[in-house]
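Please consider the sequence and the coordinates together before reading on. The paragraphs below proceed from the overall architecture to individual residues.

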Amino acid sequence: MTHEAAGVPTTRNDDDRQDNDRPDAPQPTPEAQGAPGDADAAAAQSAEPQDAAARPEARLAKAVQAAEQALIEFEIAVETFRVEVENFSRLHHQKLGPMYARLDELDALIAEARAARTGDPEDQRKAREARAVVMPMPGVDELFHDWMDTDGLSPEAAAMLTEQPVRPPKRVRPSEEARKLYRDLARKAHPDLAQDEQERARRDEFIARVNAAYGRGDVELLKELVAEWEAGPVQPPAPLSESEELYARLEWLSRRKELLTVLAKELEESAIGSMLRMAPDDPDQLLEDVGEQLLGEVSRREAELAEMVQ
C-alpha cells in the first residue's frame, strides 16, 4: 500500500525542495501570488475619475449645466404664460368686445334719459361724459381700417405685411399636443445652448418661428419644425471651458434669470394675467363665464333703460 491515500496530502522529499530552490526552477506566476502589480494599476485607474471629478473646473461645469437647464425650464414657463396672456387678451377683445361696447352704449342712453327727465346740470354733464366714451375718435376707423389696436400694429396686419397667412389663435391655451411639441423644441433648440454667436443667431431665428407657431396653437407647423430641427446640423457636445469662462457664463445666466423674473412679474400683475390666475385649469371656460356675466349686465341695463323711457 502506498502513502498516497485519499485525503492525505503527498509530501515532498528533499530532492523536490532542492529543485525548486535552483535559480532555473520555474517560479510561481504573479497571478498565483495575488498579482500586486495589477492591483496597483486598478487602484490608480479607479482614482483617476475621482481626481477628475474633484477638479474645480469639472464641478463648475456641472453647475453651469444645471443653471442652463433651470433657466431653459424657467423661460419655457414664462413663454407659455405669455402666450396665454396674449391669446386671452385678443380673444377677450374679439368675443367680449361687442358686449362691452353695448354696455357703454346702454350707460350713455340711461344717463341721457336721466338727464332729460331731471334737467339737472350734473346729470347732463354725466350724460355727455358717458356719450364721449362711446363716440370714436373722428376719422380713426376710416384711417386705419382695423389695422391698429391698442398695442400698435395688430398681428393680423403684421401677417399681411409679411405675406403670411392670417391665423389668429383659436383658444387661449394651445392644445396639450402643441404644448408638448413646443416644450420639446424649446429644450432642444434653445439659444442659450449655443456655443458661438453664429449658432445663437440660427437658434434665435428658429425659436422665433417655434414661438409664433405655438402662439397660434398650430400643431402641424410645430411638427414640421420638429422635422426641420432634426434634419439640421448636429452640434457636438461642448468641451469644458476654463474656469473664468464658466464663471462668466454663470453670471450671464443669473442676469438672464433676473430679466425673466421681471417679465414674469409684469405678466402676472397685468389685468389679463390676474384674470388668468383666477382660472389656471381652464382659461377658455373663464371667457365663457365672463361672457355670461356680461350678457346678464346687458339685460339688466336694457330693462333699466326701458323703464326710464316709458
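In what order do the elements of the protein chain run from the N terminus on? The order is α-α-α-α-α-β-β-α-α-α-α-α-α-α, and the chain has 12 helices and two strands. Helices (H or I, at least four residues) and strands (E, at least two) are DSSP runs, numbered from the N terminus. The model is predicted, local features need pLDDT of at least 70 and side-chain atom pairs count only at pLDDT 80 or more, while totals for chains, interfaces and linings use all residues. Residues are numbered from 1 along each chain as its sequence is written, and side-chain values use heavy atoms, with hydrogens and water left out.

pLDDT is the predictor's confidence in each residue, from 0 to 100. The protein chain averages 75, and 68% of the residues score at least 70. Helix 7 (residues 176-189) has the highest mean, at 92, whereas helix 5 (residues 140-144) has the lowest, at 42. Over residues 1-26 the pLDDT is below 50, and this stretch has eight contacts in the model beyond near neighbours in sequence; a contact means heavy atoms within 4.5 Å. Residues 28-39 also stay under 50, with three contacts beyond four places in sequence. Where pLDDT is low, the predicted coordinates should not be read in detail.

For the chain as a whole, the accessible surface comes to about 20900 Å², of which 55% belongs to carbon and sulfur atoms; these areas come from the Shrake-Rupley method with a 1.4 Å probe, and for residues only the protein chains shown count as cover. Of the 310 residues, 29% are buried, where buried means under 20% relative accessible area, exposed over 50%, and partly exposed in between (1.4 Å probe, protein chains only). Among contacts with a separation of 6 or more, 72% are between residues 24 or more positions apart.

The interior may be described through its nonpolar cores, each a set of buried Ala, Val, Leu, Ile, Met, Phe, Trp, Tyr and Cys residues joined through side-chain atoms within 4.5 Å. The largest has 24 residues, and V85, F88, L96, V172, L276, L287 and L294 have the most contacts inside it. Helix 3, helix 10, helix 11 and helix 12 (283-309) each supply at least two residues of this core, and helix 3 gives the most, with 11 residues. A second, separate core of 18 residues includes Y182, F206, A213 and W229.

In helix 3 lies H92, which counts as buried because its relative accessibility is 13%. Beyond four places in sequence, H92 touches G97, Y100, M275 and L287.

Helix 10 (residues 243-269) contains L260. At 1.5 Å a residue, the 27 residues of this helix should span 39 Å, and its end C-alpha atoms are 39 Å apart, which agrees; the expected span is 1.5 Å times one less than the number of residues. The buried residues of helix 10, including S243, R249 and L260, pack against helix 3 (56-118), helix 8 (197-216) and helix 11 (271-278). L260 is buried because its relative accessible area is 7%. Leaving aside residues up to four places away in sequence, L260 touches L71, F74, E75 and V78. The C-alpha atoms of L260 and F74 are separated by 7.9 Å, although the two residues are 186 residues apart along the chain.
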